[in-house]
Amino acid sequence: MREGMAGAGQSLEAPPLIEVANVSKWFGAHRVLSAVSFAVRRSEVVCIIGPSGSGKSTLLRCINFLEEYQEGDVYVRGKLIGYASDALGRRIRDKERNVERLRRDIAMVFQQFNLWPHMTVLDNVAQPLILVHRKRPREARELARQVLEKVGLAAKIDEYPLRLSGGQQQRVGIARALAVEPAVILFDEPTSSLDPELIGEVLQVMKELAREGMTMVIVTHEMHFAAEVADRVIFLDHGVKVEEGPPKELFFSPKSERTRRFLETWVERNSLFLDRPAGGAQMNSVV
Amino acid sequence: MSAELSLITTYGPQLLEGFRLTVLIWLLGSALAVTLGFVLGLALSAGGPALTLPVRAYVEFFRGTPLLAQLFLAYYGGPSIGITLDAFTVGLCGLGLYGAAYFAEIFRAGFASIPAGQLEAARSFSLSRRARIRYIILPQLLVLAVPASTNLLIILLKDTAILSIVTVPELTFQVTGMTLETFTFVEPFAALAAFYWALTELVAFLGRRAELRLGVYLRPEMRGAE
């Protein structure tokens, strides 16, 4: 039915890479996502913002089925992820093998980096290529080296992850995601566990990727970054998609009262810097 | 002086044989304990309830009862159910099965201490369950298990002394026999203690070496000249 609609309606447009349709999820009796829908097309950057506990990360993790959702559908390149139909047409959990196959198109970058500490930086990036994408070890390591160079870590390839700064570790995380040549990269608060002065180097790499046309879905608290890089921003609150739009609209003329209130704190904080002359003394008195 | 010399010439061969047997039964028993314990630990960590329940029962029994009682049961109780084993076999299997229960717990705990995020990352990159165990969990598990394993190997070494009670002719058995014949107690047992201690220190030393060598990735300082 979806294919039919796509064929008739949005004639020329390719089907979205990711389509989230009416996804709901419960943890026990607690509903964490309520019928959330959105789509991500090739080369789009979609940022998901919202207060803590609003379900942003859960929503992101439903896309590659790290989290099971109970209602609705998530399509990856038009294929439903995580579920199949039995002989009677009822929904059943899909085979793990099928989920793994769809996941190969989706890479993920984690808040806590989640690197494998016993492997060198190079192997962290190369192993998925060897173990999953059937590349020969030499070829995989050569590819890994190139990607690590791209994120500015050529000098660290033989180091172990725990000996790197947080910013460097997260860049390894990004390199690991890039190396598998995914159709889309999911970022789960990639800068939230970094020291403020290390956030910049990670955002810089992400901006570069966006410029190159990488498709990205980013859960973030970095409003400046979202405003600058996103094609569309989704505001999530209590598991409900409150608003979605281009950053200009969502940040500067939000339709919803709830969005406005959420953004106020951010706008206020920034007005401290925008409204005042750049005098050190005054800045200090504000802080 | 000559009396002591004659002691050595009289009992030397026996003591040497006891020493050989102690080391042999310890090494073989430990090998059995590690291997079986590893399999049991994996079953406890990654198996379904049909697997974990019997394994759990096994671990509880062998941890919950004294090694001595287990040895008596096997050596003296075995024949009544048609299993007659020689002392060496009872000693070896007893030590191995007993140690395996503890090793199972060491490996289970190591398995559980791999951060969930690492496995989630592996899953997100489509590593199969098999690949996750083989390439993410096992290498770290073996490193994490080193300190506790060293400890257990030392305990098993000293527990070989218990095997003397079911007549395994290992070192303690030989020394006991010697004291009963010569009525000298202090010197032989002091020497016996020193022997176990020396071997124990050697194992501890090797364990520390292994811990440093294998756990190199866990220490955040920069690597030296390598």
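Predicted model: local features only at pLDDT ≥ 70, side-chain atom pairs only at ≥ 80, totals over all residues.
Which residues of helix 5 of chain B are buried? They are G117(B), Q118(B), E120(B), A121(B), A122(B) and S124(B).

The buried residues of helix 5 of chain B pack against elements of both chains: helix 2, helix 3 (96–103), strand 8 (106–109) and helix 6 (166–179) of chain A, and helix 6 (129–144) of chain B. After helix 5 of chain B comes S126(B), which has a positive phi near 70°.

One of the buried residues of this helix, E120(B), also takes part in a salt bridge with R61(A), where the closest N and O atoms are 2.7 Å apart. The count of salt bridges between chain B and chain A is one.

In the interface as a whole, 25 residues of chain B are in contact with 28 residues of chain A. The two chains bury about 2400 Å² between them, and 60% of this area is on carbon and sulfur atoms.

## Confidence

For the complex, the predictor gives an ipTM of 0.86 and a pTM of 0.83. Chain B has a mean pLDDT of 88, with 94% of its residues at 70 or more. Within chain B, confidence is highest in helix 5 (residues 116–124), at 96, and lowest in helix 8 (residues 171–182), at a mean of 84.

S164(B) is placed in the loop between helix 7 (146–159) and helix 8 of chain B. S164(B) is buried, with a relative accessible area of 14%. Leaving aside residues up to four places away in sequence, S164(B) touches E170(B), T172(B) and F173(B).

## Chain A in outline

Chain A has 287 residues, of which 52% count as buried. Its secondary structure comes to eleven helices and twelve strands. Among contacts in chain A with a separation of 6 or more, 63% are between residues 24 or more positions apart.

## Salt bridges

Over all chains the count is 27 salt bridges.

| Salt bridge | N to O distance |
|---|---|
| R93(A) and E68(A) | 2.6 Å |
| D123(A) and R141(A) | 2.8 Å |
| K255(A) and E249(A) | 4.0 Å |

What parts of chain A does the pair of R93(A) and E68(A) tie together? R93(A) lies in strand 7 (residues 91–93) and E68(A) in the loop between helix 2 and strand 4, so the pair ties together parts that are 25 residues apart in sequence. R93(A) is partly exposed at 38% relative accessibility, and E68(A) is partly exposed at 37%.

D123(A) is buried, with a relative accessible area of 16%, whereas R141(A) is partly exposed, with 28%.

In the remaining pair of the table, K255(A) counts as exposed at 65% relative accessibility, and E249(A) as partly exposed at 38%. In chain B, salt bridges that share partners join R56(B), E60(B), R63(B), E105(B) and R108(B) into one network.

## Aromatic pairs

The count of aromatic pairs over all chains is 15. In one of them, the ring centres of F65(A) and Y83(A) are 5.4 Å apart and the planes stand at 85°, so the pair is edge-to-face. The pair links distant parts of the chain, 18 residues apart: F65(A) is in the loop between helix 2 (56–63) and strand 4 (71–76) of chain A, and Y83(A) is in strand 6 (residues 83–85). F65(A) is buried, with a relative accessible area of 3%, and Y83(A) is buried too, with 10%.

How are the rings of F103(B) and F107(B) arranged? Their centres lie 6.1 Å apart and their planes are at 20°, so the pair is stacked. These residues are four apart in helix 4 (residues 87–112) of chain B, which means that about one helical turn separates them. F103(B) is buried at a relative accessible area of 1%, and F107(B) is buried at 5%.

F65(A) and Y83(A) also belong to one aromatic cluster with Y69(A). R91(A) lies over the face of Y83(A), 4.0 Å from the ring centre. In chain B, R134(B) lies over the face of Y135(B), at 4.5 Å from the ring centre.

Key: Residues numbered from 1 in each chain as written. Chains lettered and ligands numbered in written order. Heavy atoms only, no water. Phe/Tyr/Trp six-rings, centres within 6.5 Å; stacked < 30°, edge-to-face > 60°. Helix = DSSP H or I, 4+ residues; strand = E, 2+ residues; numbered from the N terminus. Buried < 20%, exposed > 50% of the residue type's maximum accessible area, 1.4 Å probe, protein only. Lys NZ or Arg CZ within 6 Å of the ring centre and 35° of its normal. pLDDT = per-residue confidence, 0-100. Contact = heavy atoms within 4.5 Å. Buried area = accessible area lost by both parts, 1.4 Å probe. Salt bridge = Lys/Arg side-chain N within 4 Å of Asp/Glu carboxyl O.
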